[in-house]
Amino acid sequence: MKKYLIPAISAAGILALSGVQADAREYKIGFIGPMSGGAAQLGQQMERGAKLYMKLHKGELGSHTVKMIVRDSKRPGGPIAKAAAQELITRENVELITGLIFSPNAMSVAPLINKSKTPVVIMNAGTAFIPNMSPHMVRVSFTMWQAGYIMGQHAANKMGCKTAVSGYSNYPPGKDSIAAFRKGFVASGGKVIDEIPMGGPAKVPDMTPFFQRAKSKNADCMYVFVPAGNHAAAVAKTYQALAMRKAGTKLVGPGDITQDTQLQGMGSAADGVVTAHHYNMFLKSAENQAFVKAWQAEYGANSVPDFVGVGGYDGMAAVYAAIKGANGGKLTAAGAMKVLRGWKYNSPRGPISIDAETGDIVQNVYISVVRQKGGKLVQEIQQKFEAVKDKCKELKLGKCGKKLY
Amino acid sequence: MSSFLIEITTVLVFGLAFSMLLFILSVGLSITMGLMGFANLAHGSFAMAGGYVTVSMVSKTGAPFAVALLVSFVIVALLSILFERVLYRHLYRRPELDQVLLTIGIVFASIATVTFIWGPDPQLILMPEYLSGSVDLGFNNFPRYHIFMIVAGAIIVAALFYGLERTNIGAQIRAAVDNRRMAESCGINTGRIFTWTFALGSGMAALGGGLGIQLLGGIKPVFALEYLVIFLIVIAVGGMGNIRGTFFAALILGIIDFAGKFYFPEGGAFIIFAVTIIVLLIRPHGLFGKA
Amino acid sequence: MTSSTGTPTGSLARSVQFLQRRHRFHWAEIIPWILAIAVFYLLPGYRLLATQILVMILFALSLDLIVGYAGIISLGHTAFFGTGAYITALMASNDIPDPILGLIAAAAGAAVLGLVSGWVLLRTTGLTLLVLTMAVTIMLQELANDFDEITGGFDGINFTNSEILGLIELDQLWYSSSYIYVLVVLFFGFLTIRTIVYAPFGRMLIGIRENTQRMSAIGTPVHQRQVSVYIISAAIAGIAGALWVQVQGNVTTEVYTFELSGEVLIMLILGGTGRLYGAFLGATVYKILESTTEQVLGTDEPYWQFAIGIVLILTVLFARRGLFGIFEDIVKKFKGASKGEVQ
Amino acid sequence: MIEPILETRGLDKNFGALNVARNINFALAPGARHAIIGPNGAGKTTLINLLTGVLKPSAGSVYLGTNDITKMAEHQRVKHGIARTFQINTLFMGLSVIDNLNLAISERMGNATGILRPAGNYSEVMEEAGRILSTLKLDNDALTEIHELPYGRQRLVEIAIALALDPKVLLLDEPAAGVPSAESHIILDAVDSLPKDIAVLIIEHDMDVVFRFAERITVLVRGAILAEGDPDEIAADKEVQAVYLGESAHV
């Protein structure tokens with residue numbers, strides 16, 4: 001008898017060590033993003049980032065597999081995203097939800113997942129207080145405060161700007177962003193002389209009247225926030241067309257205005273624009289160079305990743321971490337949060353971690369400047385700020401200081 | 001020049017560029033609605049098609065911008081004849097609501113189609129040297145493209161007015177818009193006139209789509225729906241079917257829109273809509289409409 | 001049932017008898033409600049979508065009153081939907097979370113807006129009216145965006161309702177009680193509208209749609225009556241807006257978009273105007289295409305817009321009175337000509 | 001002289017430089033059978049539009065009995081007893097004949113705004129509709145939609161709707177216009193048998209109809225009254241023959 005028993009035990013031991021190979025499990029996760037409509041390019045970036053991670057890390061989960069079910073949130077508002085989440089949870093029985101480009105998408109999902117206790121990894125939505133809406137949510141993207149505050153300090157301290165005007169898309173992230181800039185800029189001795197709302201986020205307006213107004217203020221710096229995507233190209237173009245650099249106003253902003261996917265279309269207009277952001281594709285780290293190479297191998301040499309794509313990629317890394325933590329069992333909110341709150345990862349954007357208390361991202365912020373090199377535009381890193389937390393939550397401003405569930 | 005005068009002139013120049021674009025984009029729809037009473041909400045789809053043809057010509061074949069515009073005019077005009085023959089003409093005598101449904105269907109399908117072909121991103125073109133950068137007019141710098149837009153717009157408007165006022169076919173179109181029954185009894189084939197006018201209007205929209213690439217932040221799939229609101233406002237304020245009215249409406253709304261955003265950016269899109277509401281309540285048939 | 005309906009050339013008595021019975025319920029009218037209950041039990045995973053469809057049906061019905069019956073074409077009906085939505089959301093987030101009170105306040109607020117805007121705007125017709133209604137909605141959206149201290153702007157407001165009548169919680173995961181709640185409100189809303197359209201008031205609306213000039217010549221104060229129906233329609237749209245946000249627990253400026261106005265108008269025309277059940281069919285088909293096209297086709301590519309576009313085009317070309325027209329034609333084929341059955 | 005039921009005093013109407021009604025002083029006696037004739041463009045329909053309130057006069061006033069109704073809206077005048085028919089059919093084309101009538105009757109009886117009871121339950125409306133349909137021999141067409149009716153019968157519905165308003169004054173704008181002559185007797189019979197207590201004003205081109213029907217005739221030329229009198233007087237009037245009858249002879 002004993003002859004047979006020993007190999008049996010050791011076989012069981014091997015199985016246990018390798019993560020219960022015997023019953024390979026398929027983890028269903030839901031991915032919600034705008035796949036059609038005005039923001040479809042963002043949905044596509046995010047999905048590509050996520051799928052690239054899955055492809056490159058296939059073996060990482062042993063025999064377990066991940067099935068990602070994509071649902072189109074179509075519009076920035078809540079209803080469709082929420083219906084998608086509800087169906088994903090109740091019909092597809094997904095164990096985790098990720099994606100979420102727009103803040104209202106994420107906000108509308110929060111009460112739902114609080115009920116179902118489904119963990120959520122936010123890949124993009126940036127309104128500062130969102131992680132406060134659920135104990136089951138973490139965010140791997142960014143908040144407006146991270147870039148805005150640092151940009152404000154940098155403009156005043158390093159770029160010699162004494163006065164600034166701000167232009168922003170008139171919605172909460174825009175207001176967040178200029179508030180952060182103002183706070184950083186004023187704290188370093190600068191003065192904001194005008195803040196110009198430039199229409200809603202849904203449609204790209206003709207920027208000329210707003211920039212012409214900014215130009216007439218003769219400030220040293222102009223800080224611009226617009227949502228990633230269609231707006232970005234128009235910003236640099238308008239700035240150049242109005243010859244504002246010649247008039248002595250420098251263009252600065254968060255990296256949304258030099259989004260990598262839009263950059264080459266801006267031509268010489270973007271030359272010299274200074275931004276603060278957590279990612280651009282020109283970062284020199286080995287992780288990033290490997291990432292960009294893999295991206296272009298997968299999606300073609302003309303395709304480039306941007307910070308939304310990295311959000312998708314890192315988000316999926318977080319999802320994989322959570323699944324590994326479940327160790328072949330069901331992925332629960334409690335289990336996933338145990339892994340993800342405090343999770344650290346070497347991302348293409350540099351080392352990132354998730355704040356165990358707030359569930360929000362902690363990451364480097366880079367000051368970059370756009371340069372023309374060999375007929376192409378590149379972003380040169382000028383300065384790095386390490387492990388930047390969300391200022392809004394640190395300062396406990398408004399909803400950032402409260403639990404919202 | 002005093003700084004106030006500089007400011008006013010600046011606002012007028014920019015506003016004028018936008019006005020020209022608005023007119024070129026809208027005039028075709030105004031004629032369609034005036035001539036046949038056809039609610040062609042797919043007008044924006046034709047403009048969008050023009051934008052995409054222009055983009056593809058320039059970026060794929062390296063054609064000069066102006067040539068690409070002309071080609072897009074021709075292609076879209078021909079395309080619109082096809083649509084008119086195959087789809088639209090079945091609905092001339094049907095209720096407006098059916099026309100709305102058909103043309104919105106075309107808008108949806110066209111948005112999806114261009115998304116498949118060109119993707120969801122806005123398509124941009126790098127303008128030739130003489131159209132990019134800015135030009136110093138002595139009192140302020142203006143984007144070269146805006147100046148070009150005004151000049152090109154003026155030429156197109158002049159050509160259109162000349163065509164309508166001085167040519168035989170123009171006279172027939174005007175007669176048909178004014179009073180279709182009368183025109184028919186004078187032996188004018190209004191069916192054929194409409195086809196040609198429709199093609200002309202769609203071609204104009206295509207020109208607008210191409211010219212607008214630079215001013216509207218690129219051409220993208222949602223264009224067909226996004227600018228519908230503006231077309232409808234221009235036509236309502238100008239008076240349906242009234243070409244002169246459409247021109248003045250575009251002029252007024254373009255300049256007011258720019259001035260509003262320049263002086264009261266907090267007002268957002270509020271101002272142009274407020275002006276529209278006031279004008280239409282005072283003159284329900286538009287500034288130049290028939291009572 | 002059918003044998004009693006009059007024939008076109010029947011005697012006067014039979015004609016009168018037909019009119020006297022026209023408003024009676026046909027057995028087939030129970031079908032949508034049975035379907036709604038069947039969906040509840042058979043497709044629990046689709047309940048939120050189904051709930052949204054029910055709300056859209058009510059919204060489309062309210063629009064049918066003015067478009068299909070009174071012939072007033074509006075591209076700004078979300079003005080009322082959105083106002084109802086915001087009133088409810090603001091009440092709930094300011095310590096008045098009772099859903100029924102929310103519905104009542106939403107109806108009242110939307111009705112007031114209907115009175116004011118209707119009185120001014122309904123002096124115009126056609127394209128002018130279309131543009132004016134659209135402009136009003138867009139301005140309301142701008143206001144909601146600008147006053148984000150109150151409305152939450154683009155991000156909107158999240159809120160929770162209290163229990164209905166202090167008993168039933170509006171369930172936001174499985175949508176069991178929420179679905180039933182919306183279904184019940186839709187049922188009473190539908191009954192109200194149905195009663196109105198078969199009453200002399202509804203007949204009078206059809207008269208206005210058919211010929212305003214003649215209506216004036218028979219002594220009808222047309223503008224005043226148009227405003228009255230506009231108010232009723234606004235109130236019901238306000239209730240729909242309130243339901244829309246109550247069951248989802250949040251509101252954003254999206255409830256004021258003119259695109260939503262366009263969508264509900266398309267749903268209505270797609271289903272068929274002026275026959276009540278067109279709203280049921282149109283809203284259902286539209287929302288299902290919008291939400292499930294990709295799932296049915298098994299693709300991640302966004303095909304829904306294409307699918308809807310093609311359905312709209314085909315409907316106009318081949319079904320002259322909307323999708324419900326196809327249904328009517330089939331019924332007619334089976335029964336021979338029975339005129340005015342679903343007027 | 002009897003008090004007129006409908007009267008105009010110094011009525012003027014211009015569209016810009018165009019005078020379509022010039023100082024019209026006109027009176028309609030209760031129970032009258034009165035015709036207005038005049039060449040094309042004489043302003044006959046304009047006069048009806050002024051009487052019914054579709055147009056507002058530039059000067060002058062309109063009296064119903066002793067009430068000044070100049071400022072009264074069209075629909076209010078209907079409630080005070082002025083009904084009309086249209087020269088070109090203006091009916092609810094998609095509705096059945098009886099529905100057309102019911103709209104008018106409901107409006108007159110004041111229940112058109114009822115929202116609770118089904119329309120079919122208003123038996124008084126149904127009875128009234130039945131009565132009028134029988135009178136005009138339309139009962140077999142009760143459920144026929146207007147657009148399916150021959151034009152002549154549509155003209156009859158025009159009259160039926162006007163009668164459904166129970167008017168004191170009935171203005172008929174060329175009731176037989178467009179009707180094939182083989183059918184026109186139906187219309188003329190209906191006009192002949194209108195209740196005697198209604199004052200009827202008829203506009204007509206066909207002189208046979210005018211002389212068969214009218215007890216009094218007013219001749220309108222270029223917006224002004226040229227002559228008025230009983231049929232014999234008008235027939236004998238040289239000016240009328242010159243201006244009107246002469247012209248119509250070669251139309």
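**Ala243(A)**

I began with Ala243(A), which counts as partly exposed because 18 C-beta neighbours lie inside 10 Å. The cut-offs I used: buried means 20 or more other C-beta atoms within 10 Å of the residue's own, exposed means 12 or fewer, and partly exposed is in between, with C-beta atoms placed from the backbone. Ala243(A) sits in the loop between α8 and β9 (250-254) of chain A. Helices here are DSSP runs of H or I with at least four residues, strands are runs of E with at least two, and both are numbered from the N terminus. I read phi of Ala243(A) as near 55 degrees, a positive value in a residue other than glycine. Most residues other than glycine have a negative phi.

Before going on, I noted the conventions. This is a predicted model, where local features need pLDDT of at least 70 and side-chain atom pairs count only at pLDDT 80 or more, while totals for chains, interfaces and linings use all residues. Residues are numbered from 1 along each chain as its sequence is written, and chains are lettered from A and ligands numbered from 1 in the order in which they are written.

**Lys74(A)**

I looked up another positive phi. Lys74(A) has phi near 60 degrees, and it is a residue other than glycine. Its place is the loop between β2 (65-72) and α3 (79-90) of chain A. Is Lys74(A) buried or exposed? Lys74(A) is buried, because 25 other C-beta atoms lie within 10 Å.

**Met133(A)**

Next I went to the loop between β4 (120-122) and β5 (137-139) of chain A, where Met133(A) is found. Met133(A) counts as buried because it has 23 C-beta neighbours inside 10 Å. I then listed its contacts, a contact being two residues whose C-beta atoms, placed from the backbone, lie within 7 Å. Leaving aside neighbours within four places in sequence, Met133(A) touches Met107(A), Ala110(A), Leu404(A) and Tyr405(A). I checked the C-alpha distance from Met133(A) to Met107(A): 7.4 Å in space, at 26 residues apart in sequence.

**Chain A: confidence and domains**

Chain A has a mean pLDDT of 90, with 95% of its residues at 70 or more. Over residues 1-22 of chain A the pLDDT is below 50, and this stretch has ten contacts in the model beyond near neighbours in sequence. Where pLDDT is low, the predicted coordinates should not be read in detail.

For chain A, the domain assignment gives domain 1 (22-142 + 285-359) and domain 2 (144-277 + 364-401). These bounds come from an automatic or database domain assignment. Taken over C-alpha atoms, the centres of the two domains are 27 Å apart. Domain 1 of chain A puts 22 residues into the contact, and domain 2 of chain A puts in 23. On the domain 1 side, α2 (40-56) and α11 (307-326) of chain A each give two or more residues. α2(A) gives the most to that side, with three residues. By class, the domain 1 side has ten nonpolar, nine polar and three charged residues. In this count Ala, Val, Leu, Ile, Met, Phe, Trp, Tyr, Cys and Pro are nonpolar, Asp, Glu, Lys and Arg are charged, and the others, Gly among them, are polar.

**Chains A and B**

I counted 28 residues of chain A in contact with 28 residues of chain B. On the chain A side, α2, β7 (191-197), α7 (208-216) and α8 (230-241) give two or more residues. α7(A) gives the most, with six. The chain A side has twelve nonpolar, 13 polar and three charged residues.

**Chains C and D**

Which chains have the most contacts among the four pairs that touch? That pair is C and D. The contact takes 43 residues from chain D and 36 from chain C. On the chain D side, α2 (74-79), α3 (97-109) and α4 (123-135) each supply at least two residues. α3(D) gives the most, with eight. The chain D side has 20 nonpolar, 15 polar and eight charged residues.

I also looked at pairs that do not touch. Chain A and chain D have their nearest C-alpha atoms 35 Å apart. For chain B and chain D, the nearest C-alpha atoms are 12 Å apart.

Chain D has nine helices and ten strands. Buried residues make up 48% of its 251 residues.

Conventions: pLDDT is the predictor's confidence in each residue, from 0 to 100.
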